[in-house]
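Hi there,

Please have a look at it first, and then read my notes below.

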Amino acid sequence: MRGIFPLALLVLIIALLPLLEPWTEVVLTLALAKGFAVLGIIVLLQAGQVSFGHAMFMAASAYCVAFLANRSGVLEISLLLPAALLCSALMGLLVGLFVVRYRYIFFGMLNLAFSMVLYSVLEKFFYITGGSDGMRVPRPLLLGQELERADYERWLFYLTLTLAVLLSWLVWRYLRSPLGQALAALKTNETRLEYLGVSARRVLLIAYIISALLAGLGGTLLALAQGLVTPEYGYWVRSGELVFIAILGGAGHVAGAFIGALVYEVVRLYAAAYAADIWQLILGSFLLLIILFAPQGLVGMAQHWLRRRGSPP
Amino acid sequence: MSALLQASDLHIGFGGVQAAAGVHLDVQNGEHLAIIGPNGAGKTTFINICTGYLKPQRGRVLFEGRDITARPPRAITRLGIARAFQIPQLFSEHSVRDNLLLALAARQGIWQGWRPLQRIENRHEADQLLTLFQLDNVAEQAIRELPEGLRKLIDIAMALALRPRLLLMDEPTSGVASSEKFAVMDTLMNALRTREVTSVFVEHDMEVVTRYADRVAVWNSGVIQAEGPPAQILNDTDVLRDVIGV
């Protein structure tokens, strides 16, 4: 609980920022939305497993929203959001039942393979999915009310921020619970876990479904914020980006997901604006510095600094 | 006494080595059985079969009259058989206390409970185990920072935390300093007797066997060469020649 004050301060700054600088509203919404998917990656990292295909759950839920809005005429956000989450959880269960049998590089690559299958389906089935053009997502209704664009964006931002705080807390509690600790134990000794009478596969499957749900929530919020879904949502580069952000933010703390996503988006935004040709080089160098000098990520670096400041000279 | 564990006609081989060739071995309720034998004789294989790690090519294992042959380790653990390993199997990044708390949470059902591991009701029981094995002063240390001897104790403590009816131990005193082995075994056997846990332990140290086993089985070349009270077995000239090398 020692780090709660700096985190609360950060949340407050993020909440106030769009009021002072309105242009930051959409950027922050997109960064936080991505943060949910990164949080999913962080959950799996507790078990030492890296998924290189988690963007598939972002794509699945985003397309679920697009289909419901366009084909079924469901525009109510209080229906779209749970439906999209259910879709990603179900997909997490189906893919998870298969991938949790594998570990490390095989786990990572199988996730990648599944995501590329989904990407190809979304891109090739033009008449159903709109191909590489994707599908538009009309502005949804909020409890039957149609909001103006500015009001909608503001509402979506605060919804995203509230969910980010709430889910960070829930995931933090989960990781400290016996089930979450069993997930961390799986990383160091699966044999002992089995000899305690615990199914390591089931522990990982639950974590996988939670991570798929988080990625799905991220995809849904992205779709609602951008008003357009394309197969790019599920492309492997997007999955790699999520892992990149998890390492950048720090996999040891739930806040790392959102802090990493915010820093990533800001660096990318400025790098793209001022060095359009070499923004990937700048981002890559940034990550390299983090890995070399702060392997615990930005949150680990902040924790270290706070500890040093708090300890007597 | 009634048979708690019954192994009958066990066969298993690895390439040219026959680790079990028609082994029959019963473990009586409440006894402490030592299995001795030369390296590679098949002693650990027996534990591996009884705990579901290996499937015998022939034969079966009954626990409390129930067939447990080839059932997965977690299912066998839930029935009441726990295991301590020759090389301790622990969660190296967790503290000693958290290892025990995880074992206690696993016993109650890891799926239940939303409370943090450190705050579950079992904390008191974890403290008792820490005191019993004199681990209080290292309770908050991560496993990776501890020497082998202590890890061995924690491995056994974790198995005991499951409140098994049968505990299978593979060389419980290996890695423990020779000056401490009797103290460790005294603690362990007291805990087993207090909790009414039957035990089987594979052991190379004949002093430990003489002192703590109720019965000894000699496992040699995949068969039970002899079995009986320690005083009788450890004075058997064939056993002395084939197993102990005297």
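Which residues in α4(A) are buried? They are Ile77(A), Leu80(A), Leu81(A), Ala84(A), Cys87(A), Ser88(A), Met91(A), Gly92(A), Val95(A), Gly96(A) and Val99(A). Here "buried" means that 20 or more other C-beta atoms lie within 10 Å of the residue's own, against 12 or fewer for exposed and in between for partly exposed, with C-beta atoms placed from the backbone.

Some housekeeping: this is a predicted model, where local features need pLDDT of at least 70 and side-chain atom pairs count only at pLDDT 80 or more, while totals for chains, interfaces and linings use all residues. Residues are numbered from 1 along each chain as its sequence is written, with chains lettered from A and ligands numbered from 1 in the order in which they are written.

Back to chain A. Helices (H or I, at least four residues) and strands (E, at least two) are DSSP runs, numbered from the N terminus. Helix α4 of chain A covers residues 77–99, and its 23 residues should span 33 Å at 1.5 Å a residue; the expected span is 1.5 Å times one less than the number of residues. Its end C-alpha atoms are 32 Å apart, which agrees. The buried residues of α4(A) pack against α3 (55–70), α5 (104–124) and α10 (200–226) of chain A, where contact means C-beta atoms, placed from the backbone, within 7 Å.

Helix α10 of chain A also holds Val203(A). Val203(A) is buried, because 25 other C-beta atoms lie within 10 Å. Leaving out residues up to four places away in sequence, Val203(A) touches Leu179(A), Ala182(A), Leu183(A), Leu186(A) and Val198(A). Leu179(A) is 24 residues from Val203(A) along the chain, yet their C-alpha atoms are separated by 6.9 Å.

Now for chain B. Four of its strands form an open sheet in the order β2-β1-β4-β5, with antiparallel pairing; strands pair if DSSP finds at least two bridges between them. The edge strands, each pairing on one side only, are β2 (17–28) and β5 (66–67) of chain B. Nine bridges join β1 (residues 3–14) of chain B to β2(B), and Ile12(B) stands opposite Ala20(B) in β2(B).

Finally, where the chains meet, the contact takes 25 residues from chain B and 19 residues from chain A. On the side of chain B that touches chain A, α2 (73–79) and α3 (96–108) of chain B are the elements that give two or more residues. The largest share, five residues, comes from α3(B).

Happy browsing!

Notes. Two residues are in contact if their C-beta atoms, placed from the backbone, lie within 7 Å.
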